[in-house]
Amino acid sequence: MSVTVVGSLAFDTVATPFGRRDRMLGGAATHFALAASFFEDIHVVGPVGEDFTDEHVAVLATRGTDVADVERISGGRTFFWSGEYGWDLNARETLDTQLNVFEHFAPKLSAASRGCDVLFLANIQPALQRAVLEQCAAEFVALDSMNLWIEIARDALTAVMARVDCVILNDAELRQLTGRPNLVTAARDVLALGPSVVVAKQGEYGAALITSDGFFSLPAYPLETVVDPTGAGDTFAGGFVGYLARHLDQAGDPEVLRRAMAYGTALASYNVERFGTDRVAKLTAAEIHDRVDRLQEMTRFDHLPAPLVG
Ligand code: AMP
């Protein structure tokens, strides 16, 4: 199986209570690819500027990710995002977003990227997500987005959502998109658009999975040190979608979806331990398995019915 991803390839300036990094490698597609590359062959699609060095490309290509469709635009500058976190690491303020080379990017996918089995439309302008969707005949398509696109390109975004199998958004974005305060009814509204799976990311509280006839929820892995939450959602998506790609013939099986949630959760927990891509770029398969085991252990219980009054 192979997975194609389109989304931001970025430089991020991030300040958290634990430090600050200027113009480090980031972007939704970058974090996704680093996580998903543990499972399958990944093809990354997107533009970068002249400021994107061979060293950045080498990080992107970790674990063999194909970067043939990463186009370096001459005279262009790489997408830039800047954000700041306070003590509540679930809340962040975006200070700056510069689309730069993404503004006029018209993707032309290579045969390898077009021939993917699974497509991930990571966070970027919905028109670009659609342009890539139209070039692929993937069996399974998942999509992520964010508050900016819900605000300024809502119709284009819901039109793309109607054509995918799985939508992954955080809880605030689901509420913003649907106008529903309740997460389950918000997810049901998204299912009504066409997808069969909705994942609601809830930051340090974990993630919930909603299908037409099922609900599953996992807490985040309980860490004592969180340094930089940037990219946690994309890393979760890389683990979740990567695992599903690996088990594509069973992707509708509720047990497989639950295990995909566990892999997404484990990978995201590593991402937040260091700034940017530092931790996941050096992660090992054994470390991932270890955290999935611990997650299983800490979420299991036996129901021995208590003698109750009434
Ligand atoms: P996450 O923390 O998972 O929501 O993702 C953070 C990543 O998203 C950062 O690396 C940013 O470069 C990227 N990002 C931030 N804003 C946007 C945007 N408007 N479009 C695409 N990517 C973005």
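A polar contact here is a pair of N or O atoms within 3.5 Å; within protein, one must be able to donate a hydrogen and the other to accept it, and residues adjacent in sequence count only if both atoms are side-chain atoms. This is a predicted model, so local features need pLDDT of at least 70 and side-chain atom pairs pLDDT 80 or more, while totals for chains, interfaces and linings use all residues. Residues are numbered from 1 along each chain as its sequence is written, and side-chain values use heavy atoms, with hydrogens and water left out.

I start with the ligand. A polar side-chain atom of Asp12 sits 2.5 Å from a ligand oxygen. Gly233 puts a polar backbone atom 3.1 Å from an oxygen atom of the ligand, and a side-chain N or O atom of Asn123 is 3.4 Å from a ligand nitrogen. Alone, the ligand exposes 510 Å², and the protein buries 93% of that (Shrake-Rupley areas, 1.4 Å probe).

There are 20 residues around the ligand, and Ser8, Asp12, Gly27, Gly231 and Asp234 come nearest; a residue is near if one of its heavy atoms lies within 4 Å. By class the shell has nine nonpolar, eight polar and three charged residues; nonpolar means Ala, Val, Leu, Ile, Met, Phe, Trp, Tyr, Cys and Pro, charged means Asp, Glu, Lys and Arg, and the others, Gly among them, are polar. H9 gives the most to this shell, three residues. Helices (H or I, at least four residues) and strands (E, at least two) are DSSP runs, numbered from the N terminus.

Next, salt bridges. Which residue does Arg21 meet in a salt bridge? The partner is Asp278, at 3.3 Å, N to O. Arg21 is in strand S3 and Asp278 in helix H11, so the pair ties together parts 257 residues apart in sequence. The rule is a side-chain nitrogen of Lys or Arg within 4 Å of a carboxyl oxygen of Asp or Glu, and the count comes to 14 salt bridges.
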